[in-house]
Every structure is written in structure tokens, then in C-alpha cells.
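Me: I would like to learn how to read a model with two chains, feature by feature. Could you take me through the general idea each time and then the case at hand?

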Amino acid sequence: MQSAASFLPSRAPGAAAEIQSVEPLLRIRDVSKKFGSLEVLKSINVDVSPGELVFLIGPSGSGKSTLLRCCNRLEEATSGSIRFDGSEVLDPKLDVNALRRRIGMVFQSFNLYPHMTALSNVTLALRKVLGKSGPESKTIAMAALERVGLAHKASAYPAELSGGQQQRVAIARGLALEPKMMLFDEPTSALDPELVGSVLATMRSMREAGMTMLVVSHEMRFAREAADRVVFMEGGVVVEQGPPAQIFGPDAQPRTRAFVSNEDR
Amino acid sequence: MNHFIDTFFNAQQILATWPAILKGVVVTLEIAALVVVTGITAGIGLAVLRWLFGRWIKWPLLVFVDVARAVPPLVLVLLAYFGLPSLGVDISGFAVIWLVLSAVLTAFVEEIVWAGLISVKKGQREAARSTGLTEVQALLYVVLPQALRLAVPPLTNRTIAITKNTALGTVIGVPEIINQATTAVSFSGNATPLMMGAFAYLVLFIPIIGFGRWVEGRFAWRRH
């Protein structure tokens, strides 16, 4: 535990203990998901506290992306409970659009709108979802683009941006709505290696600003140094979860160790 | 050679017939404009409804679309013009040609726009929905604009093909270009009015084809 704390320079001593006592922002309990007869999630339990950066790792097909997508209802969980910020996500009567205003999402393939400039990509939801005026949404969007270091690319179309820049615009699109939490679905997997760093740097600065993040990723080094907690999934179950020092340490469960050492190579 | 020119490009005939052909051009333009506006609007509307309420309207929609695309427009024109009055619907030839061609264009446009909608990557809709946009907003602001860009070339082709079918008005007495031309041919026994009709179509459609090219260029956006 002590060694983990040394990777977290932004946290005051004792912060970890304080986090334990705080009501989790996201509380996943007994969540299962079936595609027909295929059970892709089996009774998952994961908590994410405010300000935490939690990594979901595991081999492909382990269900980590599906779990992430259940959190904002892009997928429907079959059973269980997901509490987020005081509301039950899985409640069929829940206003999903209101929920999604409070949870941002970043995708593996960026999914920027190709027919709009970077600025318009960010302002669309500000205008149409939050009902902000044109000038106001532009101010907010420029601030969000500034945070990801791309204010100077506001009038560029996605095709004119590198993959890393596109992904940072996508992050700004989520940030602009001031969500309480951001979900990342393999945010760097589609990027050339030399572009990964800029996206990770953006995520690191978000973490320092206190954003709560749940991240599906294969960036083991980043998980090791930046995550508060790492959840290792395989075959639709959580095999093990804990601080990076535990998951990447010698006392991790054999299956976890095998996966982590393979990925780290 | 003289005989050829006399049959197809007779100067007297041109002078005598051009006012009638011009009237025909006006009627053709009116029908074409109405058909294009009605057909494209209704076609996009149906594709949007299919996207939003696919489960409920898919089968009746597909029956309409497939019938309208499979049956020759001439058959539909004759059926409507001679059939509807016996059902107590009093309808002019002009209205028949407008409604039938609009229905056919609607069917094609629906299929073209639908193909565009489903070829927009699924992640576009997901990204839009994940920011809190409703299904309708995600469709109107994100998916449909991209689908329409993909659809412009086939839409232009189909619109031109259907609009040329205004010539079918001639079989039910609508005084469009071909009707005027064939009437003049039967009075004069000379083919010149038909050549004038063909020329009128060229003058009408070449700008439309040019407009289609311009739209394609304008709506393309830079790709990787």
C-alpha cells in the first residue's frame, strides 16, 4: 500500500483512507448481462468513489467494455443494480438522457462527427441538451478545448486532426458537459504509439483536477502509475481488484500475474 | 438528306409549333418541381420514421416501397387515372401524374436514404446518445446529415430518372412536352415537333444534372 502511495503524488497522506469512507459515486452490484444464452457478465461488483481513477483490465472478451457500456445504458444489464450519484441506472423508468448528461464517454474509435468542426462537435450537446445559447456554448466549448490543449484546432474538421487530437476533442466533448464521471472505452487502442502519450497526459490532468474516471484500457504502465484501483476481469467475472501495487505486485493471484506480465512485455 | 432535314428539322414546323412546346415545357416543369419536392420530402420522412419506429412500420412500408418500385409507372398512371373515378374519386390527369410519380420517387428515396442511414457508423449514434441527445436529435444532427451526403449521387440519378417520366402524362392527356409534340406531329405528319420536344428535355435536364454535380461537390467533406 505504501508503495502505491508513492505513485500518487497529488494525493495527501491519508487520502486513501478518506476515500474508503465516502459513499461511492458509482456502485455496481451483482450486475449480470446475457446476450441470448451467452453470459458475458456474471454478478459483477465494483465501486468507484468520487475522484477515483479505476482501471478495468482483462483479456478481450472478458466483458470489461460491456460492463462500462452498462454504466450509461448503451448496453442493458440483464440483472443487478448500478447506483450512480443517487439514482438507479438500471431503473427502466430512469431518464437515460438526464443520466448521460452526468456521465461522459470516450470511445476507442473517437466517433467525432465528421461533418462538424472540432468546436461544433463540442457545442452540439451544449446547445441541444443543455439548451445553452450559441455564444455561451462556444465559450464553454473553447474552455474545454483549451483543457485538452486544442483550442487552436477549434475550426478544424476531424479528418484534419491526428488520431490523438481527435481523441482529445472527444474528451473535450465529454468534459464540456461537466459530467460527474467519465467512462473511457480503450481510449488509446486505435492510436499510433507516438500519439498515445498526449491522450494519457490529458487523462492525467483530468485526474489531477479531481475527475472520477472508469477506464477500460491495455495501458498497463499508465494503470500502474496513475490508477487508484485496478479491476482484473476474465470470462465475465472480476478475478481480483485492488490498488496497483497489489495487482501488479508479487502477491497478485496467479491468473492476474500471468495476464499482467503478458501485457507488460 | 433534304428529306431528312425536312422531316426532323422543318423550319416552318418549328415556327408553328414552338408556342405549344413552350406551354408543354411549363407544364412539365410544374409537374417535375412538385414531384421532386413531394417525393424527396416524403422519402426522407419515411426513412426517418423507419429509423425511429422501424418495428411498427417496417412491413407496411416495405410493401409500399417494393410495389412502387416494381410496377412500371405507366401501369400505375393508367390504374390511377381510369380506376380512381370508378371508386368515386374525381381526379385530374395532372394530379394523377403528380401523385403517382411522387409515390414512386418517395419509394426510391426512402430506400436510398435508408441505405445511407445504416451505412453511417454505429459509433456516431452512440457518441451522440452518450452526450444526452435524444434519439431524434442524434438522428437529425448527427446521423441524417452524414447519410444524406452519402445519398446525394444516387438521389440525383433517381430524381432525374423519375422526373423524365413526366412524359407519361401524355397517355392521360396532360399537356406536357411530349403530349404537345405528338399532337403537333399528328396534325402535321412531320416529326419536327418531336425533335423540339427532345431538345426541350435537354434544355431542362442538363442544368439539373449540373446542379446534382454541384451538390455532390459541395456536400463532400474531406476524408482521410
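Predicted model: local features only at pLDDT ≥ 70, side-chain atom pairs only at ≥ 80, totals over all residues.

Me: How many helices and strands does chain B have?

Reply: Helices (H or I, at least four residues) and strands (E, at least two) are DSSP runs, numbered from the N terminus. Chain B has 8 helices and 0 strands, which reads along the sequence as α-α-α-α-α-α-α-α. Taken along the principal axes, the C-alpha atoms of chain B fill a box of roughly 70 × 50 × 25 Å.

Me: Which domains does UniProt list for the two chains?

Reply: UniProt positions are given here in the numbering used for this model, with feature names shortened, and annotations may be inferred rather than shown by experiment. For chain B, an unreviewed UniProt entry lists "domain: ABC transmembrane type-1" at residues 25–212, a stretch that is 83% helix and 0% strand, with its end C-alpha atoms 21 Å apart. For chain A, an unreviewed UniProt entry lists "domain: ABC transporter" at residues 26–260, and over those residues the chain is 37% helix and 26% strand, with the end C-alpha atoms 25 Å apart.

Me: How many residues of chain B are in contact with chain A?

Reply: Two residues are in contact if their C-beta atoms, placed from the backbone, lie within 7 Å. By that rule 20 residues of chain B are in contact with 21 residues of chain A, and helix 5 (122–130) and helix 6 (135–164) of chain B each supply at least two residues of the side that touches chain A. That side of chain B divides into 6 nonpolar, 9 polar and 5 charged residues, where Ala, Val, Leu, Ile, Met, Phe, Trp, Tyr, Cys and Pro count as nonpolar, Asp, Glu, Lys and Arg as charged, and the others, Gly among them, as polar. Within chain B, among contacts between residues at least 6 apart in sequence, 78% join residues at least 24 apart.

Me: At what angle do helix 5 and helix 6 of chain A pack?

Reply: Axes are lines fitted to C-alpha atoms, for helices over the stretch in contact, and angles run from 0 to 180 degrees between N-to-C directions. Helix 5 (residues 118–128) and helix 6 (residues 134–147) of chain A pack at an angle of about 125°, with their axes 9 Å apart. That makes helix 5 of chain A oblique to helix 6 of chain A, given that angles under 35 degrees count as roughly parallel, over 145 as roughly antiparallel, 65 to 115 as roughly perpendicular and the rest as oblique. The residues of their contact divide into 8 nonpolar, 3 polar and 2 charged.

Me: Where do helix 7 and helix 8 of chain A meet?

Reply: The axes of helix 7 (residues 163–175) and helix 8 (residues 193–208) of chain A come within 8 Å and cross at roughly 20°. That makes helix 7 of chain A roughly parallel to helix 8 of chain A. Residues that meet include A:Gly163, A:Gly164 and A:Gln167 in helix 7 and A:Leu195 and A:Ser198 in helix 8. The contact divides into 3 nonpolar, 5 polar and 1 charged residues.

Me: Is A:Ala209 buried or exposed?

Reply: A residue is buried if 20 or more other C-beta atoms lie within 10 Å of its own, exposed if 12 or fewer, and partly exposed in between, with C-beta atoms placed from the backbone. A:Ala209 is exposed because 11 other C-beta atoms lie within 10 Å, and this residue lies in the loop between helix 8 and strand 8 (212–216) of chain A. B:Val67, in helix 2 (residues 11–70) of chain B, is partly exposed, with 13 other C-beta atoms within 10 Å.

Me: What is phi of A:Phe110?

Reply: Phi of A:Phe110 is near 65°, a positive value in a residue other than glycine. A:Phe110 is found in the loop between strand 6 (103–106) and helix 5 of chain A, and counts as buried, with 24 C-beta neighbours inside 10 Å. A:Asn111, in the loop between strand 6 and helix 5 of chain A, has a positive phi of about 55° although it is not a glycine.

Notes:
Residues numbered from 1 in each chain as written. Chains lettered and ligands numbered in written order.
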